[in-house]
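The paragraphs below walk through one protein model, moving from a loop to the helices around it and then to the core and the surface. Please keep the sequence and the structure in view while reading.

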Amino acid sequence: VQRHQFPHGIPECGTDALRMALCAHNAHGDDVRVAVPAILCHRHFCNKIWNALKFVLANVGTAMVPDVPEEVAPWHPLDRWVLSRLAWTAGECQRRMEAMEVHGAIAAIQRFWLRSFCDVYLVGAATSV
């Protein structure tokens with residue numbers, strides 16, 4: 001890192017964002033080069049997780065008791081759709097981890113969380129309330 005790139009110092013990124021950036025990096029050697037902007041991108045993703053979970057918890061309330069996963073039979077098409085995307089993501093993560101492609105598993109998780117869960121499912125749930 002060059003001093004002129006960050007005249008006010010390197011911004012605080014957090015350990016979760018750093019770990020995620022390192023896992024998402026497709027390293028093929030002994031040297032791992034991860035740019036600060038990439039770490040900041042993962043920091044924003046971690047923040048998106050936090051905000052989405054706060055939104056969900058605020059809307060389900062404290063008295064909510066989760067159903068047994070094997071007994072869940074969603075009737076709403078959007079619920080069925082997001083569960084199908086989650087199942088695909090879980091399968092993709094398993095395939096990628098078995099192939100020792102952690103970066104591919106991270107990409108699948110990010111794709112599900114951002115594009116399917118937040119951008120479609122939560123927005124759809126928020127507009128239907």
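Met100 sits in the loop that connects H3 and H4. The model is a predicted one, and in it Met100 has a positive phi of about 60° even though it is not a glycine. Most residues other than glycine have a negative phi. With a relative accessible area of 73%, Met100 is exposed, because the cut-off for that class is over 50%.

Glu101 forms a salt bridge with Arg96, and the closest N and O atoms are 3.0 Å apart. Arg96 also pairs with Glu92, where the closest N and O atoms are 2.9 Å apart. Glu92 in turn forms a salt bridge with Arg95, at 3.1 Å between the closest N and O atoms. The model has a count of 4 salt bridges.

Arg95 and Glu92 are 3 residues apart in helix H3, so they are separated by about one helical turn. Glu92 and Arg96, both in helix H3 as well, are 4 residues apart, again about one turn of the helix. An α-helix has 3.6 residues a turn, so residues three or four places apart point the same way. Side chains of opposite charge can pair when their charged atoms come close.

Arg95 is partly exposed at 45%. Arg96 is partly exposed too, with 27% relative accessibility, and Glu101 falls in the partly exposed class with 28%.

Another residue of helix H3, which covers residues 77-98, is Thr89. Its relative accessibility is 6%, so Thr89 counts as buried. Which residues does Thr89 contact, leaving aside its neighbours within four places in sequence? They are Ala108, Ile109 and Phe112.

Phe112 is also part of the largest nonpolar core, which has 11 residues in all. Its members are Met20, Phe45, Ala52, Val82, Ile106, Phe112, Trp113, Phe117, Cys118, Tyr121 and Leu122. Two elements give two or more residues to this core, namely helix H2 (36-60) and helix H4 (102-128). H4 gives the most, with 7 residues. In soluble globular proteins, nonpolar side chains tend to be buried together. Cys118, one of the core residues, touches Lys48, Ala52, Trp113 and Val123 when residues up to four places away in sequence are not counted.

Helix H2 can be examined next. At 1.5 Å a residue, its 25 residues should span 36 Å, and because its end C-alpha atoms are 36 Å apart, the two values agree. Within H2, the buried residues include Val36, Ile39, His42, Phe45 and Ala52. Phe45 and Ala52 also belong to the largest nonpolar core. After H2 comes Gly61, whose phi is positive, near 80°.

Phe55 lies in helix H2 as well, but its relative accessibility is 35%, so Phe55 counts as partly exposed. Setting aside residues up to four places away in sequence, Phe55 touches Leu122 and Ala126. Phe55 and Leu122 are 67 residues apart along the chain, and their C-alpha atoms are separated by 8.8 Å. Leu122 is itself a member of the largest nonpolar core.

The last stop is on the surface. Leu18, Leu22 and Val32 form a nonpolar patch there, and together they have about 240 Å² of accessible area. Val32 is located in the loop between helix H1 (15-24) and H2. At 44% relative accessibility, Val32 counts as partly exposed, because this value lies between the limits of 20% and 50%.

How values were computed. Residues numbered from 1 in each chain as written. Predicted model: local features only at pLDDT ≥ 70, side-chain atom pairs only at ≥ 80, totals over all residues. Heavy atoms only, no water. Buried < 20%, exposed > 50% of the residue type's maximum accessible area, 1.4 Å probe, protein only. Contact = heavy atoms within 4.5 Å. Core = buried A, V, L, I, M, F, W, Y, C linked by side-chain atoms within 4.5 Å. Expected span 1.5 Å × (residues − 1). Patch = residues over 30% accessible without salt bridge, like charges linked within 9 Å, V, L, I, M, F, W, Y side chains within 5 Å. Areas by Shrake-Rupley, 256 points an atom, 1.4 Å probe, with all protein chains shown as cover. Salt bridge = Lys/Arg side-chain N within 4 Å of Asp/Glu carboxyl O.
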